[in-house]
Amino acid sequence: MQFKYIVGAAAAAVAVKAQDAAPANLTSLLASNSELSALNTLLSAYPDVAGALTNATNITIFAPSNIALQSANSSGALTALSSMGGAVQALLQYHVVVGTIYAENITETPAFAPTLLTNATYANVTGGQVVEARVVDDGVSIISGLKNNVTVTTPNLNFTGGVVHIIDGLLTIPPGVGDVLTSANLTALLGAVEATNLTSALSTTPDITIFAPINAAFQNISSALANLTVEQAASILEYHVINGTVAYSSTLTNGSVPALAGGNLTITVTDGEVFVNRARVINADILLANGVLHVIDSVLSPNDTMAGNGTQTEPANAYSASAGTEVPYTSGLPAASTTIAALVTTNSAVASGYTTPTGAVGVNPAGNPSASASKSSSAGAAAMTAGVGAAALFGGAAFIAGW
């Protein structure tokens with residue numbers, strides 16, 4: 001099978017040899033690899049975590065290189081995390097994927113692989129918070145919270161419990177909805193959620209999918225929003241939420257799915273373009289502590305469930321409303337001091353190059369290497385040796401990011 005990542009010929013040969021050779025245990029692997037000495041040192045400060053990983057089986061570890069950890073240490077990030085009970089343990093746990101996944105099993109269709117991060121202080125996704133793995137420009141990218149994108153630099157280092165891939169940066173645990181909306185400059189939605197008292201529901205409900213209209217979408221229907229009651233506005237916002245299903249972009253398929261507010265959302269995927277009713281998804285797969293968020297270019301209406309199509313050149317206006325001079329729901333909100341470029345970048349065809357999903361929304365084993373039945377990718381739950389339980393990976397819970 002052809003490898004789909006960029007490495008030199010020598011490095012590729014080493015990776016193949018490592019996969020074929022009798023594997024060492026994790027302790028020996030970390031001690032013998034000069035790129036992982038900083039990770040080895042970090043794990044030694046958390047013996048419960050190190051012991052749990054050493055005794056685990058059927059896992060994939062995305063291991064930050066020395067340079068990655070030294071950069072985080074120099075910036076003060078690790079020091080800040082260490083002062084928060086359980087934060088470093090949670091971060092380490094988020095770098096460990098359930099199942100043994102080799103680099104050649106990762107494709108252009110993004111896979112959302114569950115990790116060992118199930119600590120409710122940091123994640124509220126059934127089965128564990130996920131990382132996104134996909135091939136980008138012939139290299140393997142691992143994408144985490146706030147669309148932090150790191151690259152696999154050395155793949156397929158076998159050990160007795162699974163496989164290690166060295167990466168060039170630390171992963172970011174996905175934050176809460178409020179932090180994401182701020183960082184993505186979705187301030188109209190942020191203000192609307194607060195004005196309709198939906199903050200708690202959206203931040204604490206597990207396994208949700210949010211279709212988040214951009215600020216311009218709210219401004220384009222200002223006249224329709226001006227006289228809404230709180231209940232009416234809340235109902236519109238709830239129509240933008242799927243409850244109980246985390247529907248990543250590679251699991252969106254043509255058909256309808258119930259919205260939280262009642263009624264159905266019409267999902268259309270055509271030539272890489274993804275529509276929810278007539279709203280186009282323009283930035284997909286922003287991971288949340290409790291699900292996923294997709295940015296859309298217009299506000300949805302339960303009274304307009306017509307399917308979108310690629311001939312649309314302008315954002316839909318489901319309310320036949322007129323635009324205003326101000327962005328609704330932003331009065332009194334502090335201006336976002338910074339935004340993250342990857343969260344505000346737009347793409348008219350977010351599913352370009354994907355394997356076409358089949359089945360219900362939220363299910364696409366074809367795009368998930370952990371679901372592969374091939375001998376080089378082992379699915380199933382990671383196992384902990386008796387006496388070294390998964391709780392050892394958690395530590396004290398003391399930090400909740402955003403709302």
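# A tour from sheet to salt bridges

Select Pro64 first: Pro64 stands opposite Ile167 in E8. The model is predicted, with local features requiring pLDDT of at least 70 and side-chain atom pairs pLDDT 80 or more, while totals for chains, interfaces and linings use all residues. Residues are numbered from 1 along each chain as its sequence is written, and side-chain values use heavy atoms, leaving out hydrogens and water.

**The sheet.** Strands here are DSSP runs of E with at least two residues, and helices are runs of H or I with at least four, numbered from the N terminus. Two strands pair if DSSP finds at least two bridges between them. Now show the open sheet of seven strands, ordered E2-E1-E8-E7-E6-E5-E4 with mixed pairing. Strand E2 (96-98) and strand E4 (111-114) are at the edges with a single partner strand each, so one side of each has no neighbour in the sheet.

**The largest cavity.** A cavity is a set of points on a 1 Å grid over the protein atoms alone where a 1.4 Å probe fits but cannot get out, and lining residues have an atom within 4 Å of a point. The volume, about 80 Å³, is the space filled by probe spheres set on the points, which are joined across faces, edges and corners. Helix H2 (26-32), helix H3 (37-44) and E1 each give two or more residues to this lining; E1 gives the most, with three. The lining has 10 nonpolar residues, one polar and no charged.

**The second largest cavity.** Select Arg278 and Asp304, both in the lining of the second largest cavity, which holds about 60 Å³ of space.

**Salt bridges.** Arg278 and Asp304 also form a salt bridge, with the closest N and O atoms 2.6 Å apart. Arg278 is in the loop between strand E13 (273-276) and strand E14 (279-288), and Asp304 in the loop between strand E15 (291-296) and helix H14 (341-344), so the pair ties together parts 26 residues apart in sequence. The term requires a side-chain nitrogen of Lys or Arg within 4 Å of a carboxyl oxygen of Asp or Glu. Arg278 is partly exposed at 23% relative accessibility, whereas Asp304 is buried at 13%; buried means under 20% relative accessible area, exposed over 50% and partly exposed in between (1.4 Å probe, protein chains only).

Finish with Glu132 and Arg134, whose side chains meet in a salt bridge (3.3 Å, N to O); both residues are buried.

Technical notes
1 Å grid on protein atoms, 1.4 Å probe; cavity = no way out; pocket = protein on both sides within 12 Å on 5 of 7 lines; lining within 4 Å. Nonpolar A, V, L, I, M, F, W, Y, C, P; charged D, E, K, R; others polar.
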